[in-house]
Amino acid sequence: YNNPLALRLILFFNIVATSVPSVLISLNYEYFEIISHQIEYCNELTMSFVDLVLLWSLCHFDKKENVSTIIMAGIACVVAMVQLAVYN
């Protein structure tokens, strides 16, 4: 990827979006349990879509060896969506 600032911002967003639910759970488990799960699942879904966008910008899809990478990224998106659907 050509822009290291964008990758740093994505990494920072991932760290913050993961830290907020853990702080909420530390404060009051019973009250913030549902909210923290929702934030975590949405973060996972968002990060899987960001991974797909980065994969799309990095790979040339006419090569045969990239098929497994595309399948793994697709599985990550499906797992994130299924977790969000099951929890709700």
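Reader: Which helix is included in what covers the buried residues of α1?
Author: This is a predicted model, so let's take it as that. The buried residues of α1 are A6, A17, P21 and L24. Their cover includes α2.

Reader: Back up a second, what pattern does the chain follow along the sequence?
Author: Start with the tally: there are three helices and zero strands. Reading along the sequence, the pattern is α-α-α.

Reader: How far apart are the end C-alpha atoms of α1, and why does that agree with its 24 residues?
Author: Count 1.5 Å a residue, and the 24 residues of α1 should span 34 Å. The prediction agrees with that, because the end C-alpha atoms of α1 are apart by 35 Å.

Reader: And for the 30 residues of α2, what is the distance between the end C-alpha atoms?
Author: Helix α2 takes in residues 29-58, and at 1.5 Å a residue it should span 44 Å. The distance in the model agrees with this: the ends are apart by 41 Å.

Reader: At the start of α2, which residue's backbone nitrogen does a side-chain oxygen of N28 reach?
Author: Look at the start of α2, where the oxygen in question sits on the side chain of N28. That oxygen comes to within 3.5 Å of a backbone nitrogen, the one of E30.

Reader: Which helices are included in what covers the buried residues of α2?
Author: The buried set in α2 has F32, S36, Y41, N43, L45, M47, S48, L54 and L55. Their cover includes two helices, namely α1 (4-27) and α3 (67-87).

Reader: N43 is a polar one, so is N43 buried or exposed?
Author: N43 has its place in helix α2. Its relative accessibility is 6%, and buried means under 20%. So N43 counts as buried.

Reader: With which residue's side chain does the side chain of N43 make a polar contact?
Author: Leaving out residues up to four places away in sequence, N43 touches F13, N14, A17 and T18. One of these also has a polar contact with N43, side chain to side chain, at 3.3 Å. That partner is N14.

Reader: What share of the chain's accessible surface belongs to carbon and sulfur atoms?
Author: Of the 88 residues, 22% count as buried. The accessible surface of the chain comes to about 6,500 Å². The share belonging to carbon and sulfur atoms is 69%.

Reader: Among contacts with a separation of 6 or more, what share comes from residues 24 or more positions apart?
Author: Take the contacts in the chain with a separation of 6 or more. Residues 24 or more positions apart account for 61%.

Notes: Residues numbered from 1 in each chain as written. Predicted model: local features only at pLDDT ≥ 70, side-chain atom pairs only at ≥ 80, totals over all residues. Heavy atoms only, no water. Helix = DSSP H or I, 4+ residues; strand = E, 2+ residues; numbered from the N terminus. Expected span 1.5 Å × (residues − 1). Buried < 20%, exposed > 50% of the residue type's maximum accessible area, 1.4 Å probe, protein only. Contact = heavy atoms within 4.5 Å. Polar contact = N/O pair within 3.5 Å; in protein donor to acceptor, adjacent residues only side chain to side chain. Areas by Shrake-Rupley, 256 points an atom, 1.4 Å probe, with all protein chains shown as cover.
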